[in-house]
Amino acid sequence: MSSQSKICKGCWQQMHVPVPLHGVLSLPFRLFGIRPSKMNPNTCTVCELMFTKVMRTRKITIDATILFADLRNYTGLSQSQSPDAMSGLLDAFYDECAGAIWECDGLLNKTIGDAVMAVFNFPIRRADHTAQAVLAARAIQERWHVRREKLVEEFGLAAGELSIGVGIHCGELSFGEFGRSHRDLTAIGTVVNTAARAQSAAAAGEILLTQAVYDRFSPALSVSGVRDYDLKGFEAPVKLYAA
């Protein structure tokens, strides 16, 4: 599947309006500031304006899947690598995560230092959004495995020093603009927190799924293991599946 759609999927899905994103047909739209969104280039800035303006007056509750991916050992590497080298490493990490997320219709909602957060099922709606998040996670690991061969050679590092951990959870969450002096368009709630904690528990190169994700995707999902994890902020152990 190509990571670039010819028309905005959000506008077509919500309004049945074909807004071209690339090529000659897109030029008149770009005169009015309509171009591919930075959070998902398969949607456009019209989609951003629509849900941003709506969120200013109300938050919405959506069923969505949250994916967190973290570049392991980034802080340790920064002690031995130059700022330019670390910047290039982070750019490569963001690029591979973004490509995998966008191919599965996810929204790259945040880049947080050496981690990314993605939302699936908004603004592009998909009944199989949880499955798409799992596919995106696997694509991230596959893409990074290929990319890091060049990075290892470039930076003189061991492959084990350049790994990614991923955590995924799904369910109902709040999506909107939060804050007053600084407004941030994002998702909040237990689903987001759990996905972040699952990511922090993942070993290098591992994808950890919650029970909710496994229950939705289990007919087509093979896992390599399952065990209970003591996650920060949770009173009881949380069962996580390694995909």
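**View 1. His169 sits in strand E4 of this predicted model.** His169 is buried, because its relative accessible area is 13% and buried means under 20%. The side chain of His169 makes a polar contact with the side chain of Thr210, at 2.6 Å. Other residues touch His169 too, among them Ala64, Thr65 and Ile66. Thr190, Val191, Thr194 and Ala195 also touch His169, as do Ala212 and Val213.

**View 2. Strand E1 pairs with strand E3.** The two strands run antiparallel, and six bridges join them. Look for Thr65: its bridge partner in E3 is Phe120. Ten of the twelve residues of E1 are buried, so the strand is largely enclosed by the rest of the structure.

**View 3. Leu67 belongs to the largest nonpolar core.** This core has 43 residues. Leu67, Ala69, Leu89, Phe93, Ile101, Trp144 and Ile168 touch the most other members. Several helices and strands each supply at least two residues of the core, including strand E1 (60-71), helix H5 (83-103), helix H6 (129-155) and strand E4 (164-178). Which helix gives the most to this core? H5 does, with twelve residues. Now focus on Leu67. Among the residues touching Leu67 are Val116, Met117, Ala118 and Phe120. Ala133, Ala136, Ala137 and Ile140 touch Leu67 as well. So do Val166, Gly167 and Ile168. Another core lies apart from the largest one. That other core has 17 residues, among them Ala64, Phe68, Leu107 and Leu185.

**View 4. Arg147 and Glu96 form a salt bridge.** Side chains of opposite charge can pair when their charged atoms come close. Here the distance from N to O is 2.4 Å. The pair links distant parts of the chain: Arg147 is in helix H6, Glu96 is in helix H5, and they are 51 residues apart. Glu96 is buried, with a relative accessible area of 11%.

**View 5. Arg143 and Glu103 form another salt bridge.** Their closest N and O atoms are 3.4 Å apart. Arg143 lies in helix H6 and Glu103 in helix H5, so the pair ties together parts that are 40 residues apart in sequence. Arg143 is partly exposed, with a relative accessible area of 27%. Glu103 is also partly exposed, at 23%.

**View 6. Asp105 and Arg126 join two loops.** Their salt bridge has its closest N and O atoms 3.0 Å apart. Asp105 lies in the loop between H5 and strand E2 (106-112), while Arg126 lies in the loop between E3 and H6, so the pair ties together parts 21 residues apart in sequence. Asp105 counts as buried, at 7% relative accessibility. Arg126 counts as partly exposed, at 24%. Salt bridges that share partners join Lys9, Asp105, Arg126 and Asp128 into one network. The structure holds nine salt bridges.

**View 7. The whole chain has eight helices and eight strands.** How many residues does the chain have, and what percentage count as buried? The chain has 243 residues, and 49% of them count as buried. Its accessible surface comes to about 12000 Å². Carbon and sulfur atoms account for 54% of that surface. Take the contacts with a separation of 6 or more: residues 24 or more positions apart account for 64% of them.

Technical notes
Residues are numbered from 1 along each chain as its sequence is written. This is a predicted model: local features need pLDDT of at least 70, side-chain atom pairs count only at pLDDT 80 or more; totals for chains, interfaces and linings use all residues. Side-chain values use heavy atoms; hydrogens and water are left out. Helices (H or I, at least four residues) and strands (E, at least two) are DSSP runs, numbered from the N terminus. Buried means under 20% relative accessible area, exposed over 50%, partly exposed in between (1.4 Å probe, protein chains only). Contact means heavy atoms within 4.5 Å. Accessible areas come from the Shrake-Rupley method with a 1.4 Å probe; for residues, only the protein chains shown count as cover. A nonpolar core is a set of buried Ala, Val, Leu, Ile, Met, Phe, Trp, Tyr and Cys residues joined through side-chain atoms within 4.5 Å. A polar contact is a pair of N or O atoms within 3.5 Å; within protein, one must be able to donate a hydrogen and the other to accept it, and residues adjacent in sequence count only if both atoms are side-chain atoms. Two strands pair if DSSP finds at least two bridges between them. A salt bridge is a side-chain nitrogen of Lys or Arg within 4 Å of a carboxyl oxygen of Asp or Glu. Lists of a residue's contacts leave out its neighbours within four places in sequence.
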